[in-house]
Amino acid sequence: MLMGDDLEDGNLGPYQERLRTFPNMRGKSYNPLIFRILMGINVRVLVVILLLALGVVFYIGARTSPIIVFVFSVCIISFLLAMHLAKWVLAKDEGPPEMGQISDAIRDGAEGFFRTQYGTISKMAILLAAVILCIYLFRTTTPQQESSGLGRVATAFITVAAFLLGAFCSGVAGYVGMWVSVRANVRVSSAARRSAREALQIAVRAGGFSAMIVVGMAVIGIAILYATFYVWLGVDTPGSMKVTDLPLLLVGYGFGASFVALFAQLGGGIYTKAADVGADLVGKVEQGIPEDDPRNPAVIADLVGDNVGDCAARGADLFESIAAEIISAMILGGTMAQRCKIEDPSGFILFPLVVHSFDLVISSVGILSIRGTRDSGAKGSEDPMAILERGYSITVILAVLTFGASTRWLLYTEQAPSAWFHFALCGLVGIITAYIFVWITKYYTDYKYEPVRTLALASSTGHGTNIIAGVSLGLESTALPVLVISVAIVSAYWLGQTSGLVDENGVPTGGLFGTAVATMGMLSTAAYVLTMDMFGPIADNAGGIVEMSQQPESVREITDVLDAVGNTTKATTKGFAIGSAALASFLLFSAYMDEVATFAREPFKQVDIAIPEVFVGGLLGSMLIFLFSAWACSAVGRTAQEVVREVRRQFIERPGIMEYKEKPDYARCVAIVASASLREMIKPGVLAIVSPIAVGIVFRIFGYYTGQPLLGAKVVASMLMFATVSGILMALFLNTSGGAWDNAKKYIETGVLGGKGSDCHKAAVTGDTVGDPFKDTAGPSLHVLIKMLATITLVMAPVFL
């Protein structure tokens, strides 16, 4: 399905005579339907259509607010820059033919799996959209909707349309992440033959292209939806909806993005880690061959997995993170502006869009600051991590300046002249939190520091001590991030409360919006962070192509250094994502309580866990995290077992593989992993969606018969609170321990403690295989799960009443 039959049957000549020549495994080139339609249109007609579309978008934006026009302009400029980066990367050479053939095989496998996976996800999304439509057609309406004349039918179709648009955009974000990675990997491999710095620059700019598209799509998608609803519904005209209530109509967009991101992360994570574990256990441990050795039947599946798991899934993941944070901040900004009777609330509502517009600008500067130079090789060149950190530091400094300017522009009000400065400090808290998170994760996962070196040393006494050391490191690594998050939430809340904004009773109301601003500050460098994240799998793939095409050892040294740095950047960006998920979930939880209060038409400000049913809800939330993690890890384990059996079978039945006399059947391993990962992603994904809805409905019925009308909403709130807390800790443990195990192995492979092939190295490989489902399947899926639980409870709030 994913590769041509010529992989197995092509007339390639004796293997030992064609060491660097690989079969042309490309099948029919695949492009999504929408791209095929666009490519079939005449160029001039397409240009006219695009200009008309831009005209309509800017017309709607001008009818809404000058701020929206600014957002549209920045996003379009960022798309043009992304096209420039893509053109620059694709202009680089692909190296010798053997490199191109391996890259073609990876591309076909990734595109084939993406097509099948997203076809499955789209069917589930349509089914869920039908469920949402039915629920909204029979739910109660809020006083605001009644006063604006927005009935149940209109609300239902608006929510469903927003859900499907969010799901579609999230899918496109995932495709963009994969599209660039499968084309950049071979160009990085080729550049590594000349210069480490050039290879680094290509990988960074390829990641930058994906980041600019993903962040720009998240921002412009919400902006277009907001402006369209504003004009269509006649917002702020007599008898219509108030602008402060408009952000609630965008919740479906966030839910759609979360839905796709969860299944993309699950399916991609199961694929990549099952192939990786299977390849390592048989290839490295049993056969003693190097990583990415062309004799390993699972090596192509492993390299494909880097693209569908780390690139496509991470693109959808960050898209969802930004969308959820923007929407929750817009809701809280509108709520606060309404309570404080601010004359023009548009600045408080649209502030998140402006922050992320500036994110595109400053991240572009950081990406372009990394330039290529001629250097002699891996050992004589500058540390790639130092180069990436320098770019990140430039981005952070610019973020501080632009964030302060944005708060002064949009959050200044005569009612509280100093409020904008307080909120600027909230943003600074978020930016500092992000920087500290990156540093903490780097400390625990980079082999330049003591924790990973201690873990590597534990490998010298066996497999068991390696596992014990890795688990203890992961558990310890949860402490500092939790302390940082706690300080950030309290500090931002206090700064917001003391901003001078009060409601009509004189009660301070800026606390929650202060935490929202801190979350925006943390994500104000999201495009550059995603660039660093995409750098990792591209460098990993480049190393695989170099090894499979049997390039000189000096080239592999360069890609090994880039790969080790990529492992650290992936771990740091996952830590960053967990921190932002914690703050975003706090905002969405607050928005959920406001939504319940609006529908119930009574205050809903506290959740008392001393009530038995509410405490049970908390237990169920924590249980959900552990059960979800268990199912995700066991899915990787079961799929990896199939890969191990297949790889062992090929080595036994084809003994000539080890002597380069027979070619492995790569396609068989790819087919096994693809089908198994699609099958295995369903159960944990359905658990995440069904659990909060089922718990809310059951306790709503129980509350009805016991005279507790809000019991369902309270139990779901408790479930969400406990799931968020447990999920953050579990995700931190899984991501950090997995990253540390991986880099402990990389550290030993540099030549210390016996180097490659030693008993110490084999123990480290065992630890790495244990950590693989932790860091690339369960861990990343958890922080998506946390935000999806928050968005699904927000969307389904009326069901619990």
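Biologist: In which helix does Tyr528 lie?

Modeller: This is a predicted model, in which local features need pLDDT of at least 70, side-chain atom pairs count only at pLDDT 80 or more, and totals for chains, interfaces and linings use all residues. Residues are numbered from 1 along each chain as its sequence is written, and side-chain values use heavy atoms, with hydrogens and water left out. Helices are DSSP runs of H or I with at least four residues, strands are runs of E with at least two, and both are numbered from the N terminus. Residues 526-548 form the helix that holds Tyr528, namely helix 18.

Biologist: Is Tyr528 buried or exposed?

Modeller: Buried means under 20% relative accessible area, exposed means over 50%, and partly exposed lies in between, with a 1.4 Å probe and protein chains only. Because its relative accessible area is 1%, Tyr528 is buried.

Biologist: What is the relative accessibility of Ile657, and where is Ile657 placed?

Modeller: Ile657 and Asn296 are 361 residues apart in sequence, yet 8.4 Å apart in space from C-alpha to C-alpha. The place of Ile657 is in the loop between helix 20 and helix 21 (666-680). Ile657 counts as buried, because its relative accessibility is 0%.

Biologist: How do helix 5 and helix 7 run relative to each other?

Modeller: The axes, which are lines fitted to C-alpha atoms over the stretch in contact, with angles from 0 to 180 degrees between N-to-C directions, come within 10 Å for helix 5 (residues 97-138) and helix 7 (residues 152-192) and cross at roughly 170 degrees. Angles under 35 degrees count as roughly parallel, over 145 as roughly antiparallel, 65 to 115 as roughly perpendicular and the rest as oblique. The crossing angle therefore makes helix 5, relative to helix 7, roughly antiparallel.

Biologist: What is the radius of gyration of the chain, and what would a compact globule have?

Modeller: The chain comes to 24 helices and zero strands, and buried residues make up 64% of its 801 residues. The radius of gyration is taken over C-alpha atoms, and the globule rule is 2.2 Å times the number of residues to the power 0.38. With 801 residues a compact globule would therefore be near 28 Å, which agrees with the radius of gyration of the chain, 26 Å.

Biologist: Which loop holds Leu753?

Modeller: Leu753 has a positive phi of about 55 degrees although it is not a glycine. Leu753 counts as partly exposed, because its relative accessibility is 35%. Its place is the loop between helix 23 and helix 24.
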